[in-house]
Amino acid sequence: MEIAGINVFYIVPIMVFGPMVFFVLFKAFGIGSLFSLSDEQKELQRKHRQLKSALDAETAKSARYKKPKLSAAKIIGQGFLYIPFLLAIGYFSSYPSYEFAPENTAQIKLSLTLWGERKIPCRTRTAEELKELPSNMRKAKSCSRERHPVTVTFDLDGKTVFDESASPAGLRDDGPSSFYRTFMVPAGNHELVVNIYNSDDAIPTEKFSQVIALTSGQAIALTHTAGEGIVIH
Amino acid sequence: MIKLVQRHLRNFFHRIEALFDKAFDGALNPIRQLGSLAFFLYWIVAGSGIYIYIFFDTSVSGAYESVEWMTGQWYLAGIMRSLHRYASDAMVAVAMVHLLREFSYGRYRGARWFAWFTGIPIIWFLFFSGVSGYWLVWDQLAQYVAIGSMEWLDWLGIFGKQVANNFLSPVTITDRFFTLLVFIHIFVPLFLLFIMWFHVMRLKSPRINPPKGLIISVSVSLIVLSLIYPATSHDKADLSTVALSLNFDWFYLIAYPLFDAIGPGPMWAVGIGATLLVSIVPLISMRKREPAAFVSLEKCNGCTRCAADCPYDAIEMKPRSDGLKFDTEAVVDASSCVSCGICVGACPVSTPFRQDEEMVTGIDMPSQPLKDMRDVTVEVMQAARKEAGAVGEGTAIIVFGCANGVNLEKLKSSVNLSNCSVAVMGVACTGMLPPSFIDFAISRGEMDGVIVTGCRENGCYHRFGQFWVEDRINQLRDPNLRKRVPRERLRTIWAAPTDLAKVASEVSDFAEGLPALQLELQTKQKPEANSPDANSPDAILPDTILDEG
């Protein structure tokens, strides 16, 4: 998104940091005093500066502001003490490498968002029922909000590696059930079988089966869309 | 158990600080400037971040290329990128050492609980800021970190839809979602700054800027590191692949391998558990809180010195409530008072040169009232004088020491000098010692010398106590040490408990030099024999508090 040809994401930080920069320029660096002031104001400022410098001079004598005694040897010593600090910062900002998974491994992600069946199936309202309802609520179908939990099983090369049920989202149990799991598998051919049970029935509502060849470092995701069923990305 | 860990950690820090003192000369010692260094590093990160943001492309397709372009411009944008990373890393390191140091010194007790407690969200926000920055590079590491972070957040089940689903495949990540990540990386650090301000708001004159010398050396060091070893990226993120090996930034990403090993639920348990554990440290190792300072209005003339010297802003000057002619009176906020006693040392009424039995002063500590201080001081001085023999025969010195410096009893037994006796007197902080006590020790206590010892230079446990002592002695801060006190008879030694041998040696050297000094002083004073100063201190010090003003 652009405003007057400038990307909005350049404008936001200017709006955020701009006032800070102005504040620093005006207050800390005294840019504001460059603007013309009345003689009286200038005189006041002069007196203020005088008093402040006298106070600063007095304060500067305090042990709190004692200037450090530095010598060439000390500066060299500081250099030596900075070396391990810099080595540590530089090294641990990139090393040692982290082995997330061994070589010749691929990743399969199961990410499914599924709607369970309604606990009470929808039914068609009778003409009398519709008549009793306010005109803006006269829907032909009456449906319960609550849905069944959904169960998903995932078989990888004939072995069940995932078998979980998920409750519907929402305070009224009227949202979808979500599943998310990552599996690291050796590269090569794999048979993937997914069964979805969106009601109490023992027979899966949907079944997906496919053999897929995975190369080292490849990542695939199994997702579900209402029209297409399970899709591999 | 905690005490044991603290003791070992504290000794470790004392030794490291001693090493750094050799090169950094006290005020510049970075170990004593960790908090202000963290602030400074924040500004480096913010400044370099604003610069690289100008050239950063906020789209998924262009982000990586824009970062690579910056990396390629090694002389400017590349340095800025590296500075952004290394200063962020250094900030984590500095913040963690700061936390450990404050823990080891027990700087979370009493009124200091606020700074400790507000420091905990700083850690969370610091990590969140850094991690969100890693997303934006949009390389393989960014991909790993972004997915891991989202999976961790998704476990909470508060987003309705899985946020990690945005990273399932190259088609699921959108520019709009990516710009959300950019916003997070801008606003989380701003929030971090807000909490950092909260963290120090109860401190008086908090050190949020390190000394100039340290600013220069840290900046130069980070620029040198950026030039020698510039920050680089991995290959561009590709959601159809998974990176099996990653060059990791262990400062920010240390939790991710653990997350991979134990999963999101246990990781939340670890994070929340660690937070709770750190939060309750002040409760676990709670000591009985010393009672707060109290004001005796009949002796308070509203001079404001106690309020000016209090390092914790625990004293406020309010309109007079007792009808006396003064404008203001000191009022102590007990919840902010750490009972350091610095206010007692600042009060001009706190003088031992008085005869009244009660020794009421303007502001006093219930745990160690001024009267007790004088009585104990007199008692130990008398014992030392008796042991040393009459004035001129043996040397007697008194050491005033703070609770966080060397152990005074150990120091006493470590000074083995024939014909010299050492009296020791402990106070909570050397700033608690009214300078008139030094005068009193020499003029009334017949001490040949006085030593004031406390925490290492610039490392005062109570922040300013040591500075105020020096300034009072050097007549830069009220109440001043009177001019008539021979400064040759006075020495300040700033040292940690681990420096016992060094302090004992300095005390011995000082004491050995004193007899000659005494003769010299007697010679010097002869021409003034008729002046009141040369006579008995009693003659010139009427027992009124006004005499000390």
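This section describes the fold of chain A and the confidence of the model. The structure is a predicted model, with an ipTM of 0.81 and a pTM of 0.81.

Chain A contains four helices and 13 strands. Its radius of gyration is 35 Å, well over the 17 Å that the globule rule gives for 233 residues, so chain A is more spread out than a compact globule. Along the principal axes, the C-alpha atoms of chain A occupy a box of roughly 90 × 65 × 40 Å. Buried residues make up 16% of the 233 residues of chain A. Of the contacts in chain A that link residues at least 6 apart in sequence, 58% are between residues at least 24 apart.

One open sheet of chain A consists of four strands in the order β8-β7-β10-β11, with antiparallel pairing. Its edges are formed by β8 (159-166) and β11 (206-214) of chain A, each of which pairs on one side only. With direction ignored, neighbouring strands of this sheet are turned by 15° against each other on average. Within the sheet, strand β7 (residues 150-156) and strand β10 (residues 188-197) of chain A are paired in the antiparallel sense over six bridges. A:Phe154 has A:Val194 in β10(A) as its bridge partner.

Another open sheet of chain A has four strands in the order β9-β4-β12-β13, and here the pairing is mixed. The edge positions are taken by β9 (177-186) and β13 (229-232) of chain A; each has a single partner strand, so one side of each is left without a neighbour in the sheet. From one strand to the next, the twist averages 15°. Strand β12 (residues 219-225) of chain A runs antiparallel to β13(A), and four bridges join the two. The bridge partner of A:His224 in β13(A) is A:Ile230.

For chain B, the mean pLDDT is 89, and 93% of the residues reach 70 or more. Over residues 526-549 of chain B, however, pLDDT stays under 50. The model has 27 contacts beyond four places in sequence for this stretch of chain B. Where pLDDT is low, predicted coordinates should not be read in detail.

Notes: Residues are numbered from 1 along each chain as its sequence is written. Chains are lettered from A and ligands numbered from 1 in the order in which they are written. This is a predicted model: local features need pLDDT of at least 70, side-chain atom pairs count only at pLDDT 80 or more; totals for chains, interfaces and linings use all residues. The radius of gyration is taken over C-alpha atoms; the globule rule is 2.2 Å times the number of residues to the power 0.38. A residue is buried if 20 or more other C-beta atoms lie within 10 Å of its own, exposed if 12 or fewer, and partly exposed in between; C-beta atoms are placed from the backbone. Two residues are in contact if their C-beta atoms, placed from the backbone, lie within 7 Å. Two strands pair if DSSP finds at least two bridges between them. Axes are lines fitted to C-alpha atoms, for helices over the stretch in contact, and angles run from 0 to 180 degrees between N-to-C directions. pLDDT is the predictor's confidence in each residue, from 0 to 100.
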